Amino acid sequence: MSTEAPEALERLRAEVSGEESDGPDAVQLADEYLSDVLESFAPAGEFAFSEETVKGDLGEILLTLVAHRSTETNGKRLMEDLGRVFDADLSPGTVYPQLHEFEEEGLLERHELVRTKEYQLDDAEACRERIAAEMRQHLVLGLFYHRALADL
């Protein structure tokens with residue numbers, strides 16, 4: 001792992017914990033760190049998310065995709081994004097109930113179009129808090145695994 005990874009991880013930890021930082025924003029930092037981790041641990045594109053991991057985090061992944069898509073935020077396009085980004089082939093029976101649940105919770109707003117329904121964030125702050133909480137869970141769990149591996 002490059003010497004930049006520990007610095008990137010420290011900046012990411014500071015960002016997640018809400019500490020002030022003069023460095024890059026969280027998105028740029030996450031991109032830098034993910035790139036470094038993949039380069040170090042999964043050479044030549046050998047890394048792939050398992051479909052079970054994507055299903056386990058489907059809610060936060062969908063919220064993130066809706067937040068970052070400016071158009072075509074319908075179920076079909078979101079499922080295509082899941083396939084392209086995460087190589088996950090999830091059924092409409094998995095994706096649509098999650099979108100409907102978020103609509104009922106007030107996190108997403110649904111717009112009826114002629115042949116489809118599009119979604120947009122209805123409560124951006126609640127979505128941000130939910131994604132940040134999930135991110136902290138994964139970060140701490142990953143660091144736990146990392147530490148445990150050192151003692152095996």
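Leaving aside neighbours within four places in sequence, which residues is Leu82 in contact with? Leu82 is in contact with Val54, Leu58, Ile61, Leu62, Leu65, Asp87, Ala88, Leu90 and Val95. Contact means heavy atoms within 4.5 Å.

## The model

This is a predicted model, where local features need pLDDT of at least 70, side-chain atom pairs count only at pLDDT 80 or more, and totals for chains, interfaces and linings use all residues. Residues are numbered from 1 along each chain as its sequence is written, and side-chain values use heavy atoms, with hydrogens and water left out.

## The chain

The chain has 7 helices and 2 strands. Along the sequence, the pattern reads α-α-α-α-α-α-β-β-α. Helices (H or I, at least four residues) and strands (E, at least two) are DSSP runs, numbered from the N terminus.

Buried residues make up 26% of the 152 residues. Buried means under 20% relative accessible area, exposed means over 50%, and partly exposed lies in between (1.4 Å probe, protein chains only). Take the contacts with a separation of 6 or more: residues 24 or more positions apart account for 50% of them.

## The nonpolar core

Nonpolar side chains tend to be buried together in soluble globular proteins. Here, the largest nonpolar core has 20 residues. A nonpolar core is a set of buried Ala, Val, Leu, Ile, Met, Phe, Trp, Tyr and Cys residues joined through side-chain atoms within 4.5 Å. Leu82 is among those with the most contacts inside this core, as are Val54, Leu62, Leu90, Val95, Leu99 and Leu108.

Helix α4 gives the most, with 6 residues.

## Helix α4

In α4, 8 of the 11 residues are buried, so this helix is largely enclosed by the rest of the structure. The buried ones are Leu58, Gly59, Glu60, Ile61, Leu62, Leu63, Leu65 and Val66. Their cover includes α3, α5, α6, β1 (108-112), β2 (117-121) and α7.

Glu60 sits in α4. Is Glu60 buried or exposed? Glu60 is buried, with a relative accessible area of 12%. Not counting residues up to four places away in sequence, Glu60 touches Arg130, Ile131 and Glu134.

## Where α4 meets α7

Helix α4 (residues 58-68) packs against helix α7 (residues 124-150) at an angle of about 130 degrees. Their axes are 10 Å apart. Axes are lines fitted to C-alpha atoms, for helices over the stretch in contact, and angles run from 0 to 180 degrees between N-to-C directions. The two helices are therefore oblique to each other. Angles under 35 degrees count as roughly parallel, over 145 as roughly antiparallel, 65 to 115 as roughly perpendicular and the rest as oblique.

Which residues make the contact? Glu60, Leu63 and Thr64 come from α4, while Cys127, Arg130, Ile131 and Glu134 come from α7.

## The loop at Asp87

Asp87 lies in the loop between α5 and α6. Asp87 is exposed, with a relative accessible area of 62%. Most residues other than glycine have a negative phi. Asp87 is not a glycine, yet has a positive phi of about 55 degrees.

Glu52, in helix α3 (residues 51-56), is also exposed, with a relative accessible area of 57%. The C-alpha atoms of Glu52 and Ala88 are separated by 9.0 Å. Along the chain, these two residues are 36 residues apart.
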